[in-house]
Amino acid sequence: MNPPIPYLHGLCVGDVTVQYDRHLHKYRVQLKTTHPAMEKVFIKAFQPYSIDGIIRKYPVKGGATPYEWTLYTWIPQWLGEVLSNRDSHVVKVYEKSLDELIAFISGLMDSDGSIIISIKRRRRLNYTPLVEYEISIYSSNRPLLINIKDVLAKYGIKMNLRKNSDVTRKTKRKGHVIVWQLYTSKTSEITKLLSFLLKYMKNEDRIEKALLLKRMIKGEIPKDPTLISKLRNKINSKIMKEVNKYIKDAERCYKNKIKYLIYQDGIYIKSSK
């Protein structure tokens, strides 16, 4: 079954861009990434809707890292018009249906979300190590996050909003704007969110963390700081290893002028300029 349109829309409100080519009179969706998990998300989400069924992939220089990958495909005009809407009120389009709302937020979560499991030492607890966790969505569009917060509250899911100082410092150095964070660290709210989000999420990196968090909350894994730290670090180490390899592949292909065509049967065709 093809991914629902609200899920695609969530991705496009996040890192995926929608462009209209005035010369070709066509829409295309595009992603720049250093994460192989996001490449898989893009292919799963947009290839079923692609006009020719082909995802174009090529390396570029620059960005947050020295090299990264760009992927794009052409989509029908009707879909391009829908996904081009990045207005802060876009979530209102899906608020009447919990299923569509969760699909939309799942796309945004796959693109601009995070699941953090950390080990903290609090003074009030005599610095005894304890496990803490948080689910967040980041955006410079504060009104969008406020609207998502309000709509989720109607379905009994409470989240909070704050300025994310760490991300804001990084983006301000690049001349960007303040980054806001919609988040919750409450077990009850996270339990509700995970039960909904895991139905549509496709980002394997985030799903792996979500499942670890879900098992921990349900008591299937003890909240032992040493054990949780080990399991979390194992996931993070695997992700970083894959990301570093993905970036090195981008560098190699950039220097050798290699790009790819990705077909619906999963076959990658390599070509040179």
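The model is predicted, so to speak of local features asks for pLDDT of at least 70 and side-chain atom pairs count only at pLDDT 80 or more, while totals for chains, interfaces and linings use all residues. Residues are numbered from 1 along each chain as its sequence is written, and side-chain values use heavy atoms, with hydrogens and water left out.

Let us start with helix α4, residues 98–112; helices here are DSSP runs (H or I, at least four residues), numbered from the N terminus. Its 15 residues reach 20 Å from first C-alpha to last, close to the 21 Å expected (1.5 Å times one less than the number of residues). Of these 15 residues, 12 are buried, so α4 is largely enclosed by the rest of the structure; buried means under 20% relative accessible area with a 1.4 Å probe, protein chains only. Among them are Phe 104, Gly 107 and Asp 110.

Now turn to helix α1, residues 5–13. The axes of α1 and α4 come within 6 Å and cross at roughly 35°, where axes are lines fitted to C-alpha atoms over the stretch in contact and angles run from 0 to 180 degrees between N-to-C directions. Residues in contact (heavy atoms within 4.5 Å) include Tyr 7 and Leu 11 of α1, and Ala 103 and Phe 104 of α4.

Finally, look at the cysteines. Cys 12 is buried, at a relative accessible area of 1%, and Cys 253 is buried too, at 0%. The count of disulfides (pairs of cysteine sulfur atoms within 2.5 Å) comes to 0.

Definitions and conventions
Helices (H or I, at least four residues) and strands (E, at least two) are DSSP runs, numbered from the N terminus. Buried means under 20% relative accessible area, exposed over 50%, partly exposed in between (1.4 Å probe, protein chains only).
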